[in-house]
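Thank you all for coming. Please bring up the sequence and the model, and then we can walk through a few places together.

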Amino acid sequence: MPSSPTSRPKNLSGPKRPRQPAASTLPSREQLLEALAQQSDIKGKRDLAKLFGIRGDMRRPFKAMLAELEGDGVITRTRKALRRTAALPHVTVLDIPADADPDNMHAYPAQWNDEEGEKPRVTVLSGRDSRVAPAPGDRILARIDAGEADIPAYTAKPMKILDKPRRGQIGIVRMDDDGARLIPVDRKQKEMRIPIGDLLTAGDGDLVEVEVKLSGRLMIPRAKVIAVIGNPMSEGAVSLIAIHNLEIPYRFPQSVIREADEAVEIGLKGREDWRDVPLITIDPADAKDHDDAVYAQPDTDPANKGGHIVTVAIADVSAYVLHGTSLDREAYTRGNSVYFPDRVVPMLPERISNELCSLKEGVPRAALAVRLVIGADGRKRGHSFHRILMRSAAKLSYQQAQAAIDGHADDQTGPLLEPILRPLYAAYDAMATARDQRGPLALDLPERKILLDDKGMVRDINVPARLDAHRLIEEMMIAANVAAAETLEQKKSALLYRVHDEPSSEKLQALRDFLGSLDISIKKSDSVRAADFNGILAQSRKAGNVEQVSEMVLRSQAQAEYNAENVGHFGLNLDRYAHFTSPIRRYADLIVHRALIKALGLGDDGLADSEMLHLPGIAQHISATERRAMRAERETADRLLAQFLATKIGAKFEGRISGVTRSGLFVRLFETGADGFIPASTLGQEFYRYVEERQSMIGERSGEKFTLGDQVSVRLLEAAPVAGALRFELLSEGQRVNPSSVRRGNKRPPKSFGPKGRKKR
């Protein structure tokens, strides 16, 4: 008897088969998937066709259905076999594409076997009340729901935002008699051989990106070059190491360049005309973009006798970088500009940052301005925001402005002295009085500036003088940032705060232990104020150990970050604070601008609903990009300084102990600010114990003690420019203490016996 279209093929066996359709109809997608899941002996489309009785004219639509399922990532083909794609686990790691729509985000599995077919697309669920709010570009740990249908419709509930792993290893190629080897940039990684066939076009000295392969029965790691980055010793290339190692985007996609090139200047339409207000910019002498301008005048209101009107105008970047555009997505991905001694990696293309949004002298520019009413006591009495068209009256450097006030005006600042500069400084004098009464944390740590020659090599290292001109701009920017936060709170608007939390109880206890060894006390309560730290710093200045104490106070502080929830700003001693004044270089400020525009009805290009929904995720992302930028800048400075000092092996330097660990001492040189390491094993002919509460290394037999902040002499033994590492030999002798107190673990400071002689090494 011939088999009917609905009879089971004799050559197939297994679990109960799905109910088959009549020969005149195709099986449903669900029936096909059920068959693949239950019939283990189905190897390909021929077996499926036989199972469902597919003949004649039904073959073409049947093949189309299989192709559609494969294209959807539901089934996969390996050689000639078909099978259902592996399902996602209930909890998995997902990557959200950087260009995902914030209003309807999707993600893909971070780990996926390509033999399983196309990665399944997962819809990310995130609401206003979600505890975790990811944003495009994030990696998340998520709980997966496949739905109830036979065809999975994956949705993900975010559980945690994860750090993305760093890209392939970066290193320098060195050719030798046996071929080539890789000198890793990361000092914690080991050298590897590079087979000659895996060099691509790399030559001796080139900076390359590699992938690591394990070869042979002993699984020996070998490097394979996957990208040639360039020569790190060539002009302006040192920063490339950090850029590639930390995955900092530094080339703009063509779509972003195209949008920037097509942008046109904003005119007066819909704006207040402030072109006659003599706002001026005061910036570093080498600044290429100018995003803030200031002006001050006496307040003529009798109710504010002796007061001032201070105007702060900020480039209106939000008028050019609209939500959802390629420019906006790229700015979000970068998060901020990154500043290196040899280059700047900008958040926005130069057409926007250095041209259309730069408040150039004598050129009409769109801006968002805040008018601050300052009392004679320096306190803010009121403020208002305005969307304006302005024209900068002058472009000054900090040094120019200060010289004019100090009686050394030049041809440019002379005419500006009485009408513009003196009123600005008068307003600042009042605001500085209010600042001192507020009592922000008074940690004034010097920042060194590395100057390069035309070959990208270190020419000089200096500590720029801190001028009142710097403080004037800082104080007026802080006042503008506070006004932005207050306005958005009053309007009950979504807001990205700049927050700085109080020190943790653990860090406070570590600080107390250390201060106890110096006979300095701090109150035992975990509720401390910036003024408490300022009191400690004042005591240490009198005692002559302010460097030691400043270092520990700095370490006790929490890290400032962006957050959609407000915890205040501990360091500035402010209840509410937002970043408003640098939208050219910080995405956070652009978000605050958009929020103000929406809250105050200043245009239709304000904060989008989707941005308000995802502010927690945006805050996490741009906090991470800020930390990445700081790390990149620090690593690049270390490499440049190591390169500069590589010609001074054997030279003697003076410095200060900047860190104490079980493995040894870190020393920062006075002259250059370079940091180097002294291994504990080289300190002397005895065992040196690490005493954490005293931030010291103490010899168990002699009681010789080296403590954070101690001034020491060292000799440079080794410099590794690519790794940014220096190794020193200690030449100084330490203070002598009673060694028995260390062995007993006594936390009280041991009695000092004073310094003793030390043999010269």
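Is S732 buried or exposed? What we are looking at is a predicted model, in which local features need pLDDT of at least 70 and side-chain atom pairs count only at pLDDT 80 or more, while totals for chains, interfaces and linings use all residues. Residues are numbered from 1 along each chain as its sequence is written, and side-chain values use heavy atoms, with hydrogens and water left out.

To the question, then: S732 is buried, because its relative accessible area is 14%, and buried means under 20%, exposed over 50% and partly exposed in between, using a 1.4 Å probe and protein chains only. S732 is found in the loop between β33 (725–730) and β34 (735–737), where strands (E, at least two residues) and helices (H or I, at least four) are DSSP runs numbered from the N terminus.

Let us turn to the strands. Strand β32 (residues 711–720) pairs with β26 (residues 652–661) in the antiparallel sense over five bridges, where pairing requires that DSSP finds at least two bridges between two strands, and here R715 in β32 is the bridge partner of K652. β32 also pairs with β33, again antiparallel, over six bridges, and V714 stands opposite L730 in β33. These two strands, β32 and β33, form a hairpin with four residues between them, and G724 in the turn has a positive phi of about 70°.

Now the aromatic rings. Rings of Phe, Tyr and Trp (its six-membered ring) pair if their centres lie within 6.5 Å, with planes under 30 degrees apart counted as stacked, over 60 as edge-to-face and the rest as tilted, and by this rule there are five aromatic pairs. One of them is F385 with F580, edge-to-face at 5.5 Å centre to centre with 85° between the planes. Because F385 lies in strand β20 (residues 380–391) and F580 in the loop between β25 (561–563) and α14 (587–599), the pair ties together parts that are 195 residues apart in sequence. F385 is buried at 10% relative accessible area, and F580 is buried at 0%.
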